[in-house]
Amino acid sequence: MNPTHSHPITSTGTSPHAPPDDSKNATSSGSWKGFLVKVIKTALPLVLGCLGAAAFSVAAPAGWAFWAGACILTGLVTTLYLGYRALSEYKIDKIPTASQTPPTPSAQNLLSAANKSGKHQAYQIYKNQYHPTLMSIPDKTGFYDKGQPLYSLTNYHKGQNPITIDGVGWPTAEHYFQCAKFKVGSSSWSTIKNNPSPDHARVHAGNHFKPHNPDCLHGGNGHAWGAEKDRVMWKTLTHKAVDDLQYRTELIGTGNSVLFENSPVDYYWGIGQNGSGQNTLGYMHMAIRDMIRRGEL
Ligand SMILES: Nc1nc(O)c(N)c(N[C@@H]2O[C@H](COP(=O)(O)O)[C@@H](O)[C@H]2O)n1
């Protein structure tokens, strides 16, 4: 087995995609009730000043005009001050905080372009070029084990923020990929989605993806899923490239190195025990890296 190589990170990428929307936590200060209360509170000193002035004019004591004027002026100045404060607060409320910023339209556009029909085939160019001679390439970089460099390239990596796909926040790429075998909201889907461990999520999916399980998509049929899984993995990785800054940064940092999933057991996504595996995940990362460099993700 070839050891996992470390690779210097030489450049960084920037995510055009903001963290998930937390707008539900926004205060009610922007609601119409809050607005009405603010208007009443602001206008109250002026109204009281006018009432005071009216009382002085009715009672008409000596020098009443001076005191009536003083009442109106005090009310007016206080109202202007409160109005100024309320307006500044209103403006601050309206500036979206980082956690309230919805995904930018450009990120959404890039993601839908990257996932147009057939785009997931982009990695084939690398599979054609390097399979099955990958192990003889000198400049290659592996990733797989936790605690080793480039763990962010594995689907088990938990980024700082969830990956948002189909409006749902996913703790890891593995969670979304495994859930894609099941009907959204079904019991199997929910169990996998909420599993704290990506490895347990994968194992649970494997144990429950069976033809007799009504929760399954593709009839719980391995061949039918096999025809879909590249497209699903591609979708997962394009969203990860937008939402997981560590992945994005470390992927770009691999330069032009040929990437491989250094899995001793997986002959489809990784290189398998003897390096003869298809390394589909490694080649997909290379295609994603190209897209980031071209500004397509
Ligand atoms: N980092 C890491 N640790 C493991 O133990 C793994 N098995 C993997 N591999 C990922 O497992 C998924 C296999 O999915 P299917 O069996 O094809 O459903 C896939 O995401 C591999 O990359 N990674």
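## Surface patch, core and a buried lysine

Valine 47 lies in helix H1, which spans residues 32–59. In this predicted model, valine 47 has a relative accessibility of 44% and therefore counts as partly exposed, since that class lies between the limits of 20% and 50%. Together with Leu44, Leu48 and Leu51, Val47 forms a nonpolar patch on the surface, and the accessible area of these four residues comes to about 380 Å².

The chain as a whole has ten helices and four strands, arranged along the sequence in the pattern α-α-α-α-β-β-β-α-α-α-α-α-β-α. Of its 297 residues, 40% are buried, while the accessible surface of about 15,900 Å² belongs to carbon and sulfur atoms for 61% of its extent.

The largest nonpolar core has 51 residues, and those with the most contacts inside it are Tyr283, Ile288 and Leu297. Helix H10 gives the most to this core, with eight residues.

Lysine 229, placed in helix H8, is buried yet has no salt bridge, and the nearest side chain of opposite charge, that of aspartate 230, is 6.2 Å away.

The table sets out contacts of two residues, leaving aside their neighbours within four places in sequence.

| Residue | In contact with |
|---|---|
| Lysine 229 | Phe177, Tyr268 and Trp269 |
| Tyrosine 283 | Tyr123, Tyr126, Lys127, Tyr130, His131, Leu134, Val258, Leu259 and Gln278 |

Across the chain, among contacts with a separation of 6 or more, 68% are accounted for by residues 24 or more positions apart.

Technical notes:
Residues numbered from 1 in each chain as written. Predicted model: local features only at pLDDT ≥ 70, side-chain atom pairs only at ≥ 80, totals over all residues. Heavy atoms only, no water. Helix = DSSP H or I, 4+ residues; strand = E, 2+ residues; numbered from the N terminus. Buried < 20%, exposed > 50% of the residue type's maximum accessible area, 1.4 Å probe, protein only. Lys, Arg positive; Asp, Glu negative; His and termini not counted. Contact = heavy atoms within 4.5 Å. Patch = residues over 30% accessible without salt bridge, like charges linked within 9 Å, V, L, I, M, F, W, Y side chains within 5 Å. Areas by Shrake-Rupley, 256 points an atom, 1.4 Å probe, with all protein chains shown as cover. Core = buried A, V, L, I, M, F, W, Y, C linked by side-chain atoms within 4.5 Å.
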